[in-house]
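Hi,

Here is the structure I said I would pass on. Have a look at it first, and my notes on what turned up follow below.

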Amino acid sequence: MHFNLKINSAKDELSFKKNSALVKFFVESKKLEKTLDDFFISLNYPLGKIQKKNFLDKKSNELTYYSHSGEPSVLFIKKVKIDKDFSTDFFRNYFAGLVTSLKKKNLNSVHVVVPSFLDLKDHFENESQLLRSLIEGIHLGNYTFDNYKSDKEKPEELSFFIHYTDQKILSSAIDYSNKLMNAVFFSRDLVNEPSITLTPEELANRTKKELTKLGVKVSVFNKAELKRRKMNAILAVGGASDKPPCLITMHYKPSGKAKRKIALVGKGVCYDSGGLSIKPTSSMIEMKADMAGGGAVIGIIKAAAMMKLPVEIIGVVPAVENMIGGSSYKPGDVVKAASGKTIEVKDTDAEGRIVLADALHYASQQKPDEIIDFATLTGAVVVALGDIAAGLFTNDDRLADELLQSGKNTYERLWRLPFWKDYNEMIKSDIADVSNLGPRWGGAITAGKFLEHFVDEKIPWAHIDLAGPAIKHKSNNYTEKYDTGFGVRLMVEYLSKI
Ligand code: BES
Ligand code: MG
Ligand code: ZN
């Protein structure tokens, strides 16, 4: 079940209707218990000793109070500890958890009193960022992917009323977050969709349908067009599937003069069985999400178009299924990519870098000011970073700094790994220009180095390996059940700062 959510800026004083909840934070170092008395008296609910004892969870510093008579019917009171462990994800994560827990509680409205920015100014760049983290959390807690549940319940209505001193900042934060989260959810729906439905063609169709109406030009190169363009790398990986490969390109142009022209490239492997170098079942299960990089790119462009960002964006998503059949590409094959460089295939499960070879070459030919690619490229990056950060690979310090900062602001965090030329030695081939497989150690870096072969060296470029955080994981309240849409919030932050 999800709610039909409405998020409003509360224009009046706190006033409650039936079936409403109040969320209130106390930012201070004192024990929560001591602060509560004054607060309850001000609300005209003197709180008895026993009630306090029963409702106060000292571990989570939280009090949940259900009133029998009077309104609001539920009070959520939470202490916010601002110390070195405070995370900018606090409100996002809290509201994601709260909204999930409100299901079937029969509430109509939730009033949220936002704590003072003064207390939090060391942790957020500005007021909007604080407010957006909170609003994003409300949305994230409401995400479900239940298309395939037979006993789907009809959504309930739930209105949030946010109380904040500056109405103007609040209204624009709500508007920004609503658009952004709409794009994040679109991206998540693509990633969560099983590959039996989300074939390369279906990915292209959904992209067309959703982005064309926002003024984005979407073109799809089919198999014949890929052949004409000598995109043999994409054709090789997609060769064994009954679902033909394609290259999805998107072009968003702002109405005014663009401040920059950016190419975004995303791995769109709709299913990765490993090919002839087949994966075990346990590793295959999540591989419907192997197009999460492409899904992120599509979501980012959707957001940019909805928010009318003043940057020109070219999106490139090679969409394939890595399968097994009579026309599989094989370990030992040599494939000539569109750039003319040859690739020795040593492992058909290292397919992402192969399809990206053609996509990055195509992106380079569009002469953008910079290229950023997103790919669930390696298990090795997950070994290195776990699932709470994506690997960042670039030799451009400006790109690195700005992307890392956007990661901190959105909590879609990146960690920069070395990208020295020494690693090139490890992917040399005796019979082709480059091998698609390096040694076991440093696998995320050599995968990045492989990609570098196909990027115009004059164009600043960053590679983001999001194999960890793009796939559902337990590290917080909004990533547990469904693939996460990682990259959309990160990049919209990056793009909005241009
Ligand atoms: N799609 C996988 C990487 C992946 C792993 C994504 C786990 C998400 C979660 C990629 O195509 C792959 O199979 N990589 C191989 C590369 C190896 C053969 C060099 C890997 O990481 O094992
Ligand atoms: Mg693979
Ligand atoms: Zn893959």
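The donor residues of the zinc ion (ligand 3) follow the spacing K-x4-D-x17-D-x60-E along the sequence. Keep in mind that this is a predicted model. The residues behind that pattern are Lys267 (through NZ), Asp272 and Asp290 (OD) and Glu351 (OE), coordinating the zinc ion (ligand 3) at 2.0 to 2.4 Å. Six donor atoms sit around this ion, with angles of 78 to 174 degrees among them, and the site is octahedral. For reference, ideal angles for six octahedral donors are 90 or 180 degrees.

Now the magnesium side. The magnesium ion (ligand 2) is held at 2.0 to 2.2 Å by Asp272 (OD), Asp349 (both O and OD) and Glu351 (OE). In sequence, the spacing of its donor residues is D-x76-D-x1-E. Is the arrangement octahedral or irregular? The six donor atoms subtend angles of 73 to 168 degrees, which makes it irregular.

As for what the magnesium ion (ligand 2) and the zinc ion (ligand 3) share, aspartate 272 bridges the two. Aspartate 272 in strand E11 and glutamate 351, in the loop between strand E14 (342–344) and helix H12 (352–365), link distant parts of the chain, 79 residues apart. Glutamate 351 is buried, as is aspartate 272.

Most residues other than glycine have a negative phi. Lysine 104, though not a glycine, has a positive phi of about 60 degrees. Look for lysine 104 in the loop between helix H3 (90–101) and strand E6 (109–113); this lysine is exposed, with a relative accessible area of 55%. Tyrosine 411 also has a positive phi, near 65 degrees, and lies in the loop between helix H14 (397–410) and strand E17 (414–416). With 21% relative accessibility, tyrosine 411 counts as partly exposed.

Last, the surface: Leu276, Ile278 and Ile324 make a nonpolar patch of about 260 Å². Isoleucine 324 comes from the loop between strand E12 (312–322) and strand E13 (334–336) and is partly exposed, at 42% relative accessibility.

Cheers

Methods. Residues numbered from 1 in each chain as written. Chains lettered and ligands numbered in written order. Predicted model: local features only at pLDDT ≥ 70, side-chain atom pairs only at ≥ 80, totals over all residues. Heavy atoms only, no water. Donors = N, O, S within 2.8 Å, 3.2 Å for Na, K, Ca; no water. Tetrahedral: all angles 85-135°; square planar, octahedral: opposite > 155°, others 65-115°. Helix = DSSP H or I, 4+ residues; strand = E, 2+ residues; numbered from the N terminus. Buried < 20%, exposed > 50% of the residue type's maximum accessible area, 1.4 Å probe, protein only. Patch = residues over 30% accessible without salt bridge, like charges linked within 9 Å, V, L, I, M, F, W, Y side chains within 5 Å. Areas by Shrake-Rupley, 256 points an atom, 1.4 Å probe, with all protein chains shown as cover. Salt bridge = Lys/Arg side-chain N within 4 Å of Asp/Glu carboxyl O.
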